[in-house]
Amino acid sequence: MTYEALFEPFSINKLVLPNRFVMAPMTRLFAKDGIIAPETGAYYRKRAEGGVGLILTELSVVDREASHGDPAMPRLNSEASFDAWRRVADDVHAANGRIGLQIGHFGANSNPITGWLPEGRIDSVCGFDNSGSPLGEPMRDSDIADTIAAFANAAAQAQRIGFDTVEIHAAHGHLIDQFAWAFTNRRTDAWGGNMSGRSRFAAEIVRAVREATGPDFPIIMRLSQWKIGHYEAKVAATPAELEAWVTPLVDAGVDALHGSQRRYWEPEFEGSDLNFAGWLKKLSGKPSITVGSVGLSGEFMAAYAGESSEPRSIDGLYERMVRGEFDMVAVGRALLSDPDWVKKVRDGRIEELRAFDPSAFKTLS
Ligand SMILES: Cc1cc2nc3c(=O)[nH]c(=O)nc-3n(C[C@H](O)[C@H](O)[C@H](O)COP(=O)(O)O)c2cc1C
């Protein structure tokens, strides 16, 4: 099988991408004092040279006290940090690649793998974490306004230092997702209530980012139903709720939605084959990106527990894309073990695709 449609160009706002493959954002934990490691540019550049259409970086947290989930995570709180990211963008552009910075805020979450918590005041929607245990301070209106401004500033800086787009991380149980999820958001003010009320925080962030970056700068937002450690969670139980979730984001100016699943082939709602990205596209009218075990037999959280994955056919994925279910495909672990994964798919060298071994987490190469 050949996969021509995956190698057709695609545009998000004014950004023209050479093909449909996106490198999924992956936290690597090689930063020191919030500044990414010097090898980071070469690491991303290698994937650009390997044919990835759009690289999305690991999560970089916005400038709020205790917004990070690990001491080795990049933080957008110093000029030195932006300078280091600028060099990464330059490296990727030198290989004719495109790169977007993923920006986010961990919220009231301890690190799911290590249990680590930052020092300082932790922003929380209602004063508890995703399991209902007390954590953090419920955000006042002033905290919410400052956090929205921190996202806008992070995006404006990303644009200034040469990134082609930003992806706002509103998934996996981090702060923005905690606002969207009824379990963590029990507020009765304008930031809570029904689905559109719970979507307001995300929408105001999109609006502020749009205002800070202008009409042409592509804004991607990543959403998920599942949360780390709470895989059956649903922010939206029905398509109507999902529509109420995404409509404010579209009105605020988002350009594309990235539907995070652990296995892209799982249908989102009963009675339809559509996956999460499929529903996002259908209900928002915006382009969508799918993700989750593309090209691999096992899913990514099991990889943290040491599980390897074998190569898996992408024929079913391709058929879905050709049907128009989603527009782009993000690939995570397969690109960690094999920087040339996209090139191999393009050239039909399927038998050369590598298995994923979790030892790939240990090096930034
Ligand atoms: C090591 C690692 C770090 C990750 N860090 C992030 C992150 O910073 N932001 C994010 O949105 N998703 C993160 N993810 C999830 C990936 O973006 C992706 O959705 C997931 O790995 C599924 O894709 P895959 O099955 O192709 O690996 C991470 C995944 C892995 C394996």
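The model is predicted; I took local features only at pLDDT of at least 70 and side-chain atom pairs only at pLDDT 80 or more, while totals for chains, interfaces and linings use all residues. Residues are numbered from 1 along each chain as its sequence is written, and side-chain values use heavy atoms, with hydrogens and water left out.

I sorted the shell by residue type.

I then looked up which elements supply the shell. Helices (H or I, at least four residues) and strands (E, at least two) are DSSP runs, numbered from the N terminus.

Next I checked N and O pairs, with a cut-off of 3.5 Å. A ligand oxygen lies 2.7 Å from a side-chain N or O atom of R333. For the side chain of H169, the distance is 3.1 Å. A polar backbone atom of L59 is 3.3 Å from a ligand oxygen. The protein covers 97% of the 610 Å² of accessible area that the ligand has on its own (Shrake-Rupley, 1.4 Å probe).

Last, I turned to Q225, in strand β9 (residues 219–227). Q225 counts as buried because its relative accessibility is 4%, and buried means under 20% (1.4 Å probe, protein chains only). A polar side-chain atom of Q225 lies 2.9 Å from the backbone nitrogen of A236.

Note on methods: Polar contact = N/O pair within 3.5 Å; in protein donor to acceptor, adjacent residues only side chain to side chain. Buried < 20%, exposed > 50% of the residue type's maximum accessible area, 1.4 Å probe, protein only.
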